[in-house]
2 protein chains.
Amino acid sequence: MRIPLDRQSEVPLYQQIGSYLRQAILSGNLLADTRLPACRQLARDLGVNRITVENAYSELESEGLVSSRMGSGTYILPQNHFALIQKNDPDALWPLWQQSVKDRDTESKSSMVEEMLRASRQPHPINFSSGVSDSRQFPADEFRKVLQAVMRRDDAAALDYGEGSGYAPLREGIAHILASQGLQTGPENILITAGSQQAIFLASQVLLKPDDVVLVENPTYSIAIDLFRRLGFQVIGIPMDGQGMQVEKLENLLQQYHPKLIYTIPNFHNPTGTCLSSPRRRQMIVLADRYNVPILEDDFVGDLRYEGHSQPSLKALDPGGQVIYVSTFSKMLMPGLRIGFIVANGPVYDSLVNFKHLSDLATSTLIQRTLESYVTVGRYQAYLRRSCRIFHKRRDAMVEAIEHYLPPDVSYDTPKGGLFIWLRLPDGLFADELLPIACEAGVAFAAGNCFFTGDVGGREWLRLNFVSQPAEDIEEGIKRLGLAVHRLKGRK
Amino acid sequence: MRIPLDRQSEVPLYQQIGSYLRQAILSGNLLADTRLPACRQLARDLGVNRITVENAYSELESEGLVSSRMGSGTYILPQNHFALIQKNDPDALWPLWQQSVKDRDTESKSSMVEEMLRASRQPHPINFSSGVSDSRQFPADEFRKVLQAVMRRDDAAALDYGEGSGYAPLREGIAHILASQGLQTGPENILITAGSQQAIFLASQVLLKPDDVVLVENPTYSIAIDLFRRLGFQVIGIPMDGQGMQVEKLENLLQQYHPKLIYTIPNFHNPTGTCLSSPRRRQMIVLADRYNVPILEDDFVGDLRYEGHSQPSLKALDPGGQVIYVSTFSKMLMPGLRIGFIVANGPVYDSLVNFKHLSDLATSTLIQRTLESYVTVGRYQAYLRRSCRIFHKRRDAMVEAIEHYLPPDVSYDTPKGGLFIWLRLPDGLFADELLPIACEAGVAFAAGNCFFTGDVGGREWLRLNFVSQPAEDIEEGIKRLGLAVHRLKGRK
């Protein structure tokens, strides 16, 4: 035990030891029934006389904080705990450098929504604001068995550091799955990351520096906007329509801003659910090539298609090294695994591996090994088919509920895949004003403004996740939303 | 399946489909026995006529690449694979922007050492170059059972996203363990990270911007130097002696460079193994406070003490928010878990949580939940005692072997804890020259130069990990090292 002692202080050492332990016990940091180090041991650790420690312990015993049991040691007694620890008091006098630290408001939007929902009077709140799929669909039991088998098979090796680019058999497995879905690459071009968020993070850190410009669809994935801003990039939005990014407008922006990156979600876009049309895909690659700009393709749910024709990923159309592709198992399978990956060709691959190494050395090998055993091509395809079937029904349920319960002057396109319906409120109604009313009624959604690059705009939009709830909850949720819209209209 | 088709091309669509599949099969990306999508399905996916797909499949069948089994579908036949995929050919014509990407040499030093060792003629190579503890000591079996129990208990919840700051019960558990080791803090000041590497990464990203100065011990943890340089910081070294950083020299450097951070490893320093003396600890905190500079305390093996008195962590001496403390379970328990943590007070805590969220959303909840169940105070203390006992013996074995097998003009201080012996070669001998000779003899170490902030210097030093091998291997390894030193001397 490393107790801080001040030998220059006038406070006797036994009192210093006693007051350290007293505080730890009263604050609850040292739990009841914890055994304190033996007097001789602690005296040796701290370089003090044994009597000093004995005196400290006796004092604590006389205060009823500890009890020494003959022959077995000194144990902490149960206490009523007081919060003695210094909390993050906003008025505390922190060092000056702390005042210049940015981003104090870290409470994420989704956790605020959760709180608002919990505070509602509804016993069964329904949350359409999530950005992920329904983890209740995931066969956790099967996964547990695979995990078990991997631990038995690999023993301690499963808990060692792995290769910086990721567990090689997993990278091979991902190459097979990608090929079965229409993207050809090799394990030597795949880098395993902690979810696709880290993939986007690494790519942007490697490709851009502060003040560089990144082009994004407007609207786009809100945490990508937050990330790009936090890294000091200038974020320029490209308008969208029902066919995805308006690539016709891209060339002008490329000439005007000399961006260092185009970040795009061509398939079942977040938040709008649109798919980039085939001619626009080819046009985007031609332009990126002509203006020497890398494309970061975020294919977070590219395979989750319920109808219509498939579109090749940009990476599959890429003749040579222009496109950096990121995807994830978080959305399709289970978010908590935190496994995503990057596919990149050329020197940038090595830079990404290197930056990943510097940022966290490697991603948990145990999880990688388990995923490798679990996600075979056959299992992936079966899981994909099953998910598509279920989510297709849920999409239909939501569309039907919208038609039934929401006023006829809302507008939206029915998405052909993915997770989201992007819905426009009647003129004059704003989603951020609707959200507290909806939460009160027991339903939540993601308000549109946070997906836009500008500080204003997008307030009339909202994003509804239609895959995260069973059909009956979808109907009930949209019914509540209709009620909330009605209430908001009444207040106007 | 999303096969890229070019409808403007003169190549017929069936040939485009055929050539995509042919390449995927021959390259091995589509494995033997994989079932291709049914013709009708693929035709619908791609928006082509069913005949088109049938023609493509027949062509592949006639080439012996696939075989259609009546009523069951079309399957890929086993092939001799050719590497058709574009490799990272250094001479390939990559997009121009790729040429400006930095850090092409990502082959980490440790993997190069592994390779050199493998290439040696020794059937049983011995590696002292590792930076971690001996994972064979870890009770993987016990851990597996806990993991299993957690999966049963928490089911799908174990695979969901968790709180951004980390799983709350784990943060509580860490607060208890820290208190039992002499550092008082609360769960609300703890942030779970992907190992201590990510902890250092987050702290430096939040506190510094490019061109800022960071002060470090010279030598120090080599990947921290690499990281700071990669982020564009100016790295200034503070000389060390047997009592750790020469804090007397700190004030001058603070006045001269106006650094934004002091990065320090006060306990069982990497690579030197020294402990910062108690007066210097207090002096460092006084100076950091006076010059308004945060201290990043890396306590990666602070509890692994084999003899001597304990020193309080800087964080335990910190009156208010000056010190950001990072530590890890990677070194003590098992590296592959990738769980570390930060302890910070004041506004900077929120900034760290926020930046963590942007960089990878969260760390695997499954691993966090398992660790929480596994690492109780009692288990941690028992594991610590056991590790100290074993590693103490190994340290003694290495010291004994050095005295016996290395020339008397090497020099080193016997470390009182931690993982490393830091050894100086006789005058005129350089560790980087010794390393290939040693690897040939079947033993490896970490050459000293990579731990120094200057581009030159430190070549006469090497770092030996004494905990990662059993005692008999330590003796054999040092014997081989003695042989290598002898050979190098002979060549001079």
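Helices, at least four residues long, and strands, at least two, are DSSP runs that are numbered from the N terminus. The model described here is predicted.

**Enclosed spaces**

The count of cavities of 30 Å³ or more comes to five. The largest cavity holds about 200 Å³ of space. Its lining consists of 20 residues, and those nearest the centre of the largest cavity are Leu178(A), Asp303(A), Tyr325(A), Ser327(A) and Tyr380(A). Two elements of chain A, helix H7 (168-181) and strand S10 (323-328), each contribute at least two residues to this lining. With four residues, H7(A) gives the most to the lining of the largest cavity.

The second largest cavity contains about 160 Å³ of space. It is lined by 18 residues, of which Asp303(B), Tyr325(B), Ser327(B), Phe341(B) and Tyr380(B) are the closest to its centre. In chain B, helix H7 (168-181) and strand S10 (323-328) each supply at least two residues of the lining of the second largest cavity. H7(B) provides the largest share of that lining, namely four residues.

**Confidence of the prediction**

For the complex, the predictor gives an ipTM of 0.90 and a pTM of 0.91. Chain A has a mean pLDDT of 90, and 95% of the residues of chain A reach 70 or more. Over residues 83-87 of chain A, however, pLDDT stays under 50. For this stretch the model has 17 contacts beyond four places in sequence.

**A strand pair in chain B**

Which residues of strand S4 in chain B point one way, and which the other way? Strand S4 of chain B covers residues 190-193; Ile190(B) and Ile192(B) point one way, while Leu191(B) and Thr193(B) point the other way. All four of these residues are buried.

S4(B) is joined by four bridges to strand S11 of chain B, which covers residues 340-343, and the two strands run antiparallel. Within this pairing, Ile192(B) has Phe341(B) of S11(B) as its bridge partner. Phe341(B) is also among the residues closest to the centre of the second largest cavity.

Conventions:
Residues are numbered from 1 along each chain as its sequence is written. Chains are lettered from A and ligands numbered from 1 in the order in which they are written. This is a predicted model: local features need pLDDT of at least 70, side-chain atom pairs count only at pLDDT 80 or more; totals for chains, interfaces and linings use all residues. Side-chain values use heavy atoms; hydrogens and water are left out. On a 1 Å grid over the protein atoms alone, a cavity is a set of points where a 1.4 Å probe fits but cannot get out, and a pocket is an open set with protein on both sides within 12 Å along at least five of seven lines; lining residues have an atom within 4 Å of a point. Grid points are joined across faces, edges and corners, and a volume is the space filled by probe spheres set on the points. pLDDT is the predictor's confidence in each residue, from 0 to 100. Contact means heavy atoms within 4.5 Å. Buried means under 20% relative accessible area, exposed over 50%, partly exposed in between (1.4 Å probe, protein chains only). Two strands pair if DSSP finds at least two bridges between them.
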